[in-house]
Amino acid sequence: MARNRNVGIIGIGQTKHSSHREDVNQPEMIHEAVRQALDDAGMTIDDVDCIVHGNMELFEMVFQPDMWHVIGDGSYGKPLLRLTTGGTTGATLVCAADNLVASGLHDVVLAIGFEKLQEGHTTGGITNMADPLWGRELQTGALTGMTADAVIEEFGEERAKNAAMKHRVIMDKHAMRNPNAHRRFNFSEEMIPAMVENVPPLVGELRIVHMCSQSDGACAMIFANEEITKARCDNPAWMVDHITVHREETFNLFGNVEEATTMRYAAEKLFGRNGITNPVEQIDVFEMYDPSSWWGLDWMREFLLLEGDEHLKMVENDEIDIDGKLPINPSGGVVATNPIGATAMLRAAEAAMQIRGMAGDHQVPKPVNLALASGFGGTLWTVLMLLSKNPPQLKEA
């Protein structure tokens, strides 16, 4: 993507995530993340030029929550954009903030994603977004066993089930290192056979531990132009590029159609214009939006441009572990923490934290120079973001 100037990430904040943050209201919860991001950047709210704010309004059933949240986000008297793009909201906020600074319109932008799902009804919101007849396959909301069926059909029942459950166990091992993660079970690999057999199913072979839950939480990030970034921050992360792919025609009710997924299409485009020919070798960490372990397992092949069973082998050989060849979701991922309006932003925030070396106990134990983060939502929408330790070479429009 051509840009007028480079954009650095100099401030990151996130709350502790839980099924019920009953100790705070929405503005208070958002304020926790904003305060952390400002402190990290060494700024006050007076240094911020513009705020972008987003969540899934219909989940809490509060219309235009940004009007209420002024007392928590500090946006009084400042330009503010409210964005809602379904599950990709958090990633859209990151892309919008990046564009606002890269274009030269603003020098410092604060992006805020949040969700307080205990105050609404998530599945009720999702199932009312589609026509009850023509969109009836959406009436289970995000719960679907179709991907599990496809992976089992391609690789056999035993191998597929074990790989999906091992993926879930690895994510939990990572979440146990992250003090902000919502679900932390302390699973072990010895438990996999029993979990495959005994964990209650939701839909088909999608079992309850495979699926993400709903969380309360917020994330805030501060984006600045190159001059301010270098003056304010010794260890910034830099936005390199991002791409958003919407291909609603891939979501159809009339049989299987052979076509590229939005994940593979996005990866091919993003990698192609940034000189990435071998993502497994060139990318140091990947924070992937994985709503379930079956999707996480299946989408590895698409995002990393793998073929055959290469993605299963990466899981089976521990290559996605925090100390593996390509660590995936050292934060624990979406299956551990899912405040929907912030979930995709957390992927970019966690990737930036890895580059900046500030991830604490879930810091990847190797140099992180290039990180990938993804968002997912809607009818198979994909957002893919590339971040680096060094400022990228500006490209001409």
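Visitor: Which residues point one way from β2, and which the other way?

Guide: In a regular strand, side chains alternate between the two faces of the sheet. In β2, C50, V52 and G54 point one way, whereas I51 and H53 point the other way. All of these are buried, a term for under 20% relative accessible area with a 1.4 Å probe and protein chains only, where over 50% is exposed and the range in between is partly exposed. β2 covers residues 50–54; strands here are DSSP runs of E with at least two residues, helices are runs of H or I with at least four, and both are numbered from the N terminus. This is a predicted model, in which local features need pLDDT of at least 70 and side-chain atom pairs count only at pLDDT 80 or more, while totals for chains, interfaces and linings use all residues. Residues are numbered from 1 along each chain as its sequence is written, and side-chain values use heavy atoms, with hydrogens and water left out.

Visitor: Which strands pair with β2, and in what sense?

Guide: Two strands pair if DSSP finds at least two bridges between them. Five bridges join β2 to strand β4 (residues 108–116), and the two run parallel. Within β4, G113 is the bridge partner of G54. β2 also pairs with strand β3 (residues 80–83) in the parallel sense, over four bridges. There, L80 of β3 stands opposite I51.

Visitor: What is found at the start of α1, and what just after α1?

Guide: At the start, a side-chain oxygen of N25 comes to within 2.9 Å of the backbone nitrogen of E28. A polar contact is a pair of N or O atoms within 3.5 Å; within protein, one must be able to donate a hydrogen and the other to accept it, and residues adjacent in sequence count only if both atoms are side-chain atoms. Just after α1, G42 takes a positive phi of about 65°.

Visitor: How many aromatic pairs are there?

Guide: Rings of Phe, Tyr and Trp (its six-membered ring) pair if their centres lie within 6.5 Å; planes under 30 degrees apart count as stacked, over 60 as edge-to-face and the rest as tilted. The count by this rule is six aromatic pairs. In one of them, W295 and F376 have ring centres 5.7 Å apart and planes at 65°, so the pair is edge-to-face. This pair links W295 in helix α12 (residues 293–303) with F376 in strand β10 (residues 370–377), 81 residues apart.

Visitor: Which other residue pairs with F376?

Guide: W299 forms a tilted pair with F376, at 4.5 Å centre to centre and 55° between the planes. Because W299 lies in helix α12 and F376 in strand β10, the pair ties together parts that are 77 residues apart in sequence. Both W299 and F376 are buried. Ring pairs link Y289, W295, W299 and F376 into a cluster.
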